[in-house]
Amino acid sequence: MSTSAPDISTAPPAGYTMGELMVTAAAREIRDGEVVFVGMRLPLIAFVVAKRTHAPTAVGLFENGVIRSTPARELIYTMADPPNILGATQCLDMLAVMSLLQSGRVNLGFLGAAEVDRFGNLNSTQVGSGKGMVRLPGSGGACDIASLAHRFVVLLEHDKRRLPERVSYVTSPGNGDGPGWRKRAGLPRGGPSAVITTKGVLRFGEDSEAYLASVHPGISVEEVLSNTGWKLRVGGQVAATPVPTLAELHAIREYDKEGFWTK
Amino acid sequence: MSKLTTMREAISSLVPDGASVALGLQMEQNIPFAAGHEIIRQKKEGLRLIGPISDILFDQMIAGGCVSEIVAAWVGNVMMGSAYNFRRATESGAIKVFNMTNFSVALALQAGAMGVPFIPTRTAMGSDVPKGNHFFYGIFSPFEGKEPLLAVRAINPDVTIVHAQRADAEGNAHSWGSFGVMLEAVRAAKHVIIVAEEIVDPDVIASDPNRTVIPGFLVSAVVECPYGAHPSPVQGYYKRDDAFFREYHQHTKTPAESDAWLERWVHGVADCEQYVELLGGARVEALGVKQHAYAAATDFGY
C-alpha cells in the first residue's frame, strides 16, 4: 500500500473554521493503510476525512470494541452510537482492541487533553492539588493509547495554561523528561508525533522535546511563543499549516452538517 | 428456574449498602440507567462504583448520595465534557477515586473473571496513574528478558448490572453492538442482574448461541425493563437521546439544580414505566428505529 500525500494543490477555499483546519491537519497524520485508534470529537471526523481523501484503506479501532473499515454513515457523538455499530467490520470487546494496541498492531492514536507539556506528556486527570484542585474526567483510554500506539497525535486549544512546561499529573505518558525515558519506564514503543493546537502544529525532535513546526494561517510565530508555557523551540523552517482542500472541507461538512464538532 | 423479578426487588436484595457495583460496562451504549435510578430511590449508601467510563450515570448516583468510592478510567458526560456532581464530590474529598485506564479496568475484571490475583500489562508505565494506587504494582517478568511490567489487581464486583437486548427467564442473554468490558465483568461478579428490553422464550436465545453473551447460570435476577437504558442507545431498539445528555449538562451545574433534576426524573417517578410516561410518547417515538438493518440469517444446521 502506498502512502500518498494529501492533495493540497487545489486552490484554498475562501473560508474555513479553526475546527476544520485542525481536523484537516489531524486527517493528514493518518497514512493510507494504517491502523488508527480513533478517539472522539475532532479525530472522529479526521478519520472520516482521511478515509474519503488520501487514506481510503485506513482501518479505525474504537476502544469499546468496534473495528471499522468504512466511516459511520452519519455524525456520531460517541463511539457507541448506533451508526458506528451498523456496518462495522467487527464488534467485539475492549480487551480485543486493547490487546491489538498492546501487541503493537496500532500505528496511530489520537488524544485530547487539558494540558500538554514540553515533552508531550498529557494531563486529563486533575489540575493542581489540595484546595483549588480542579478535577477532570480522567484517562479513559488515553493513557493506554499514549503508552502503546506506535505514535500519537494530540489536539487541544493553544493557551499558556494548557501548555505548561511540566504537567502537574501525567495521565498519558509522552517523552517523560527527555531522551530514553520511555524505554527506561518500560514502555514498549511510541511517543508523541504531533500536537495540533488552535495556533499551530508542534512536533518532536530527536531530543524528545517539542518544537514549533508550523503556524496556522494568520498566526505569527511570536503569538505562538507568547502563548506557550515554556520557551518553545522553533523549527529551522516554520511552515504555514496547509489549509483544507475543497475535498477535505466537503468531507467535513457532509459529515458534521451542523458543525457540532467543527464550528 | 425463572429468575424474573421486579427492579425494586432485584436492587433491594442484591445491592446492599457498601456493595461494589459494576455498571455501564458497554461504554456509551446499554447503560443501565433504570437500575441506577432504582438504587438512588432506595437510598443505597457507601457504594463502590466500578466501570471503564461513565456517561452521566455515576454522576447521578453521586448526586443521589449513594457513592463513597469510584474505580474508573473516566467519569463525565461524553458529548458535553465534565459532570458536575463528580467534580464537586472529588474536589471536596467527599468520594475517593481510584484512577484507572480503560485497558486496566478491562484487565482487572478479566483477572477477576479468570480467578487469578493479577494480569501483567505494559500500559500506563511511567505515568502517574499507578502511583499510590493499590490496583497497580510494578513487577518483572519471570521469563527471559526479565522486562518490567505492571501487575493489575483483580476486581471481583459484588454485583454486575447489565442491560441486554433480550434474555430468557433464567438470564441467558443476547446482546449486540459493542461489549466494552461487560463480558469479563459478568464472569468476575459474585452476582449478576440482567435488565432486558424483552424477555423471550429460551428457544430464541438457544437459536443463536454465538450471540449469548451471558449464560444464565451466572445470573441472580432478571428484570424486564423496556427503555431501561434511556438516554443511552440500545442497538435495534432506540437511538441515543443526545438532547437529554445536553439538558443534563445544562441543568445540573449546582447541587440545587441536581437535586431538582433527581426529584423530577428519579424520585418523582415510581419506576421505569412512569419514567417512560414522563418522557412522553413523542420523544420515545422519535428515538425508535426508523430503518431496520437485520443481519443475514445464520444456519446452525448440520
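Predicted model: local features only at pLDDT ≥ 70, side-chain atom pairs only at ≥ 80, totals over all residues.

Me: What makes helix α2 of chain A "mostly covered"?

Reply: Buried means under 20% relative accessible area. In helix α2 (residues 42–52) of chain A, ten of the eleven residues are buried. Among them are A:Leu44, A:Ile45, A:Phe47 and also A:Lys51.

Me: And how much of chain A as a whole counts as buried?

Reply: Of its 263 residues, 61%.

Me: How many helices and strands does chain A have, and why is it called as compact as a globular protein of that length?

Reply: Chain A has eight helices and 14 strands. Its radius of gyration is 18 Å, and the globule rule gives 18 Å for 263 residues, so chain A is as compact as a globular protein of that length. Along the principal axes, its C-alpha trace spans about 45 × 45 × 40 Å.

Me: What share of the contacts in chain A with a separation of 6 or more comes from residues 24 or more positions apart?

Reply: That's 67%.

Me: Where is the pLDDT of chain A below 50?

Reply: The mean is 92, and 95% of the residues of chain A reach 70 or more. Over residues 1–12, though, the pLDDT is below 50, and this stretch has 17 contacts in the model beyond near neighbours in sequence.

Notes. Residues numbered from 1 in each chain as written. Chains lettered and ligands numbered in written order. Heavy atoms only, no water. Helix = DSSP H or I, 4+ residues; strand = E, 2+ residues; numbered from the N terminus. Rg over C-alpha atoms; globule rule 2.2 N^0.38 Å. Buried < 20%, exposed > 50% of the residue type's maximum accessible area, 1.4 Å probe, protein only. Contact = heavy atoms within 4.5 Å. pLDDT = per-residue confidence, 0-100.
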